[in-house]
Amino acid sequence: MDLFPNALHVARREYLFRVRGRAFVITTALLALAIIGVTMVPTLLGALGVADPPTVAIDVQADDITTDPVLTVQTALIIGADPSADPGSPPLEGDRARVTRTDDPDAAAQSVRDGELDALLTITRDADDELEFEFLGSASPTNMTRLLITQASAAIAIADRLERAGIDPRQSAELFQPPSFTAVPVDPDDSRNAEDFGGAFILTYAVVILTFLAILTYGNWVAQSVAEEKSGRVMELLITAATPRQLLTGKVLGTGAAGLTQYLAIVVAAVIGLVANGPISEALGVAGELPFSLPSLGPVMLLGFAAFFLLGFLLYATLYAAAGSMVSRIEDVQQAVGPLIFLAMGGYLASFTALNDPDAQWVAVLSLVPFFSPYLMPARMLLTSVGIGEILLALVLLVAVLAAAIWLASRIYSAGVLMYGQRVGIRTIWRATRVAR
Amino acid sequence: MEGTPPTAVINTRALTKHYGSVPALTDLTLDVAQGEIFGFLGPNGAGKSTMIRTLLGFLHATSGSATVLGRDVATESVEIRRLTGYLPGGIALYDSLNGEQVLDYLADMQGRTPHRRQQLCDRLELPTSVLKRKVRDYSRGMRQKIGVVQALQHDPELAILDEPTEGLDPLMQQAFYAILDDLRREGRTVFFSSHVLSEVERLCDRVGIIRAGRLMAIHDVGELLARRRRRVTLRWRGAAPDPSTLPGLEDVQVDGNRLIGTLSGEVAGFIRSIASPNLDDLTIEPASLEEAFLEYYASDEGSDEPQRDGR
């Protein structure tokens with residue numbers, strides 16, 4: 001029998017049932033608000049003063065050093081927080097990092113303990129004439145202020161050693177001049193530069209995480225709703241009026257569309273939040289703009305992302321439906337979808353590893369494999385240059401596996417949906433393959 | 001009962017279904033002819049629903065074969081379901097839709113105009129006001145009515161109904177009987193299961209009796225009614241006549257002016273023989289199929305020790 005129009009009848013009911021539900025409306029609204037809230041975090045933190053630049057006191061007991069430690073630490077803190085800041089004009093601009101010299105270390109130490117100061121750096125000279133640095137402040141090794149001050153201390157110590165070795169400051173400045181370094185991309189059309197790359201990195205994270213969440217959340221919806229119909233025995237009526245394949249396809253399309261509706265609402269909210277962030281923080285007079293710029297994406301890229309996302313989602317959702325049809329009770333759904341979660345998680349984790357080495361051979365191979373390509377191919381497209389042939393091959397493979405998955409799933413489905421309390425084994429599924437169409 | 005009539009709409013041969021090692025249907029051979037109303041009668045757990053679900057391809061027979069509308073249940077069940085109207089036992093509907101939406105939804109998928117719907121709703125007293133209410137507010141009987149309407153609204157060649165009067169009040173049961181009468185007049189084939197003897201008696205051309213997964217007998221209802229025995233109570237003014245003068249009366253007990261007995265076979269001769277001005281009262285109890293069946297079973301109860309539960 002023809003797949004349509006029955007699959008569309010089913011899809012339409014599924015969609016309306018979901019979208020009109022009170023739970024759907026409330027959840028979507030809350031998630032949209034939450035995501036707007038998240039995008040506003042930098043602005044909010046700025047407005048609340050939480051993101052204030054660190055205050056550091058420096059006690060210089062080795063008073064013969066020629067470099068100005070205050071200036072060095074200040075520069076390190078400003079550049080560390082905002083790489084685009086001009087190190088040439090550091091200290092005055094908005095007083096972004098307040099670094100002061102102190103002559104009363106005990107009082108300063110007390111201020112650190114009282115929380116008035118973020119850190120106290122004490123510079124002394126030891127018996128071997130080497131500089132010693134003591135940092136009083138947050139002991140956390142990942143504390144940003146501590147990391148930046150460690151770097152600044154290294155710079156001060158090196159300058160001091162050069163000074164003692166008889167190299168004058170002008171010469172040492174030349175010594176540390178970065179060399180001319182140009183990266184020539186293999187693909188001559190690849191015009192992305194280092195600044196784009198930061199944005200691309202973040203966008204890759206976003207794409208991978210969003211794909212993973214969509215598969216997990218809305219795949220689960222599909223499995224749940226199949227199990228619900230089965231345990232409520234509405235299935236017996238439906239299966240008489242429509243074929244298993246029509247029901248399965250309709251269910252995946254309808255529930256999937258409802259999920260994507262929610263998704264779209266959240267993504268739109270996120271974009272609104274990001275766009276509105278700049279003007280709002282400006283109006284509040286705080287620094288809240290994003291610390292990176294998103295790479296501009298061509299239509300091919302966007303189409304590619306959409307295709308991988310949709311096809312990947314459909315592939316997983318189809319199998320989720322099959323998994324849902326194998327259990328008799330809603331409580332058992334989680335168990336049945338377990339293997340699928342592992343599969344989805346595999347691609348998800350692989351793409352994070354791939355972020356560090358997007359050109360590796362295994363990434364290239366895995367990005368063609370259907371269950372992983374929805375994550376890895378968009379990641380590669382963002383991070384490196386991928387030939388259009390490879391992208392198309394990945395898409396063709398994905399479509400082929402999707403078709404096979406629908407074939408297999410509708411068989412599992414027809415074997416599964418009506419077997420109450422019976423375990424659905426390989427044999428039952430095989431028998432059902434003779435019947436289902 | 002030998003051979004397959006060319007017009008058999010349902011045809012099973014030695015159909016057997018085991019759930020694991022538990023037999024639910026054993027060697028079930030049965031034909032239902034075109035235009036027949038066939039009652040499938042048996043106690044709960046006898047295997048009625050298993051039979052119906054096997055016919056619709058929801059279950060796969062362990063052995064034996066079956067065709068419905070000329071199609072093999074093992075390989076062509078999709079086509080069978082498309083041509084059949086089905087009322088599942090213990091019907092479930094979407095709670096979030098109203099009655100009309102459920103019917104529209106199923107009609108859309110059945111792919112045939114639901115041109116019987118209005119007639120069915122009228123018969124079952126399902127006015128628009130009820131159809132516009134959500135299914136979750138329906139009583140058991142209202143759900144069952146929707147179930148009956150959806151099974152028949154698209155006028156299928158064959159209707160398979162699993163305990164169709166379950167949950168209907170007596171008035172609505174009568175309405176359902178009237179619907180089956182309509183179908184009978186129009187030559188539609190109906191296969192329905194029941195554990196209520198009186199409705200089978202009222203509706204069916206033939207009845208198959210199933211017990212513990214085995215088909216015990218197939219009877220022509222008319223024949224069965226003619227053969228069955230009636231309980232008769234007579235009262236005379238004065239003494240009762242000699243029972244031997246009353247043809248067909250058996251197991252007679254005389255109690256003064258009262259006489260109780262069982263009448264089997266032809267009625268007319270017996271009525272003529274009691275026609276007397278002294279006859280004060282006469283009761284012929286509406287002998288039911290139940291008694292006929294009990295009698296039937298009584299004869300072979302010992303030889304065939306049934307498993308009470310078919311599952």
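1. Buried here means under 20% relative accessible area, with exposed over 50% and partly exposed in between (1.4 Å probe, protein chains only). By that rule, five of the five residues of strand β3 (residues 37-41) of chain B are buried. Strands (E, at least two residues) and helices (H or I, at least four) are DSSP runs, numbered from the N terminus.

2. This is a predicted model: local features need pLDDT of at least 70, side-chain atom pairs count only at pLDDT 80 or more, and totals for chains, interfaces and linings use all residues. Residues are numbered from 1 along each chain as its sequence is written, chains are lettered from A and ligands numbered from 1 in the order in which they are written, and side-chain values use heavy atoms, leaving out hydrogens and water.

3. Both faces of β3(B) are covered. B:Phe38 and B:Phe40 are buried on one side, and B:Ile37, B:Gly39 and B:Leu41 on the other.

4. Strands pair if DSSP finds at least two bridges between them. β3(B) runs parallel to β8 (residues 189-194) of chain B over five bridges; there, B:Phe38 has B:Phe191 as bridge partner. β3(B) also pairs in the parallel sense with β9 (residues 206-211) of chain B, over four bridges. In β9(B), B:Val207 is the bridge partner of B:Gly39.

5. Now the interface. Contact (heavy atoms within 4.5 Å) links 28 residues of chain A with 26 residues of chain B.

6. One salt bridge crosses between chain A and chain B. A:Glu236 and B:Arg53 form it, at 3.4 Å, N to O. The rule asks for a side-chain nitrogen of Lys or Arg within 4 Å of a carboxyl oxygen of Asp or Glu.
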